[in-house]
Amino acid sequence: MRGTLRLGRREFGADEPVIMAIVNRTPDSFYDQGATFRDEPALDRVEEAVAQGAAIIDIGGVKAGPGAEVTAEEEARRTVGFVAEVRRRHPGVVISVDTWRHEVAEAVCEAGADLLNDAWGGVDPKLAEVAARYGVGLVCTHAGGAAPRTRPHRIAYDDVMADILRVTLGLAERARALGVREDGILIDPGHDFGKNTRHSLEATRRLGEMADTGWPVLVSLSNKDFVGETLDRPVKERLIGTLATTAVSAWLGARVYRVHEVAETRQVLDMVASIAGHRPPAVARRGLA
């Protein structure tokens, strides 16, 4: 299965790292505090992210953490029209929508989405059916059985990576059996979702076990709590820790990176790819003259 990843009009080779830029259509997101809730700043964010090297735009209408209730109708209102406008402006970009609801998934696929990012681990089994019906990709995530928008409480695993593999591979195989394209299925360890900081660190340390399955691995690391707790840093001071975790994940075989800071992530991934021998230096002058 390790080979070309096909999403929308794009194809990504096995050694090609892919950046997924986060665009939150929420007034209360943990990182940007609603900076892209309105259409104009959100569209500006898309333009900037694409210019900086993002191949995927991930649009979310509900913040992951607890907060005010957001109905499926409100989530759709925040995302569907925006998906259509991004599709109109950027026909070649891959559009992902972060949702766990099949009703929203159906609407955004009609509007032009290419990928459904199911961060809550298949809590709505109909979501994969939508992906199959529309021929779009699907992210299969480990969330430790947590209900959407809840935080973990005294959660424990005998072996966290064994549980991650059991859940994500099960979701991926179910998706394939339903007819989701094999070359559009990704697995995600779900950092912070249904996990404490030690679990997320172990999931990172053992990420190679996920890459070895052959399914492309997506990691969503950007400014998360496990980075903040590890370094004792608030949300706005987690970039260095995020980039360190990104470099380790790239070395261990992750392929897609869901991020807030695109330009910085691009440099890290290019550097790791060059060290690994998959990318030549952009410039080579030293010792040649």
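Start at Glu16: at 33% relative accessibility, Glu16 counts as partly exposed, the class between buried (under 20% relative accessible area) and exposed (over 50%), with a 1.4 Å probe and protein chains only. This is a predicted model, where local features need pLDDT of at least 70, side-chain atom pairs count only at pLDDT 80 or more, and totals for chains, interfaces and linings use all residues. Residues are numbered from 1 along each chain as its sequence is written, and side-chain values use heavy atoms, leaving out hydrogens and water.

Stay on Glu16. It sits in the loop between β2 (10–12) and β3 (18–24); strands here are DSSP E runs of at least two residues, helices H or I runs of at least four, both numbered from the N terminus. Leaving aside neighbours within four places in sequence, Glu16 is in contact with Glu11 and Arg255, contact being heavy atoms within 4.5 Å.

Select β3 and β4 (residues 56–60). Five bridges join these parallel strands. Asn24 has Gly60 as its bridge partner in β4.

Move to β5 (residues 94–98) and β6. They run parallel, joined by three bridges. The partner of Asp98 in β6 is Asn117.

Which residues cover the two faces of β6 (residues 115–118)? Leu115 and Asn117 lie on one side, Leu116 and Asp118 on the other, and all are buried.

Colour the largest nonpolar core. Of its 60 residues, Ile57, Phe82, Val83, Val86, Leu116, Leu138 and Met210 touch the most other members. A core is a set of buried Ala, Val, Leu, Ile, Met, Phe, Trp, Tyr and Cys residues joined through side-chain atoms within 4.5 Å. Helix α5 (residues 160–178) gives the largest share, six residues. Apart from this core lies another, of 13 residues, among them Leu5, Ile56, Leu115 and Val139.

Finish with helices α9 (residues 239–252) and α10 (residues 262–276). They pack at about 30°, axes 9 Å apart; axes are lines fitted to C-alpha atoms over the stretch in contact, and angles run from 0 to 180 degrees between N-to-C directions. Residues meeting here include Leu243 and Trp251 in α9, and Val268 and Ile275 in α10.

Note on methods:
Two strands pair if DSSP finds at least two bridges between them.
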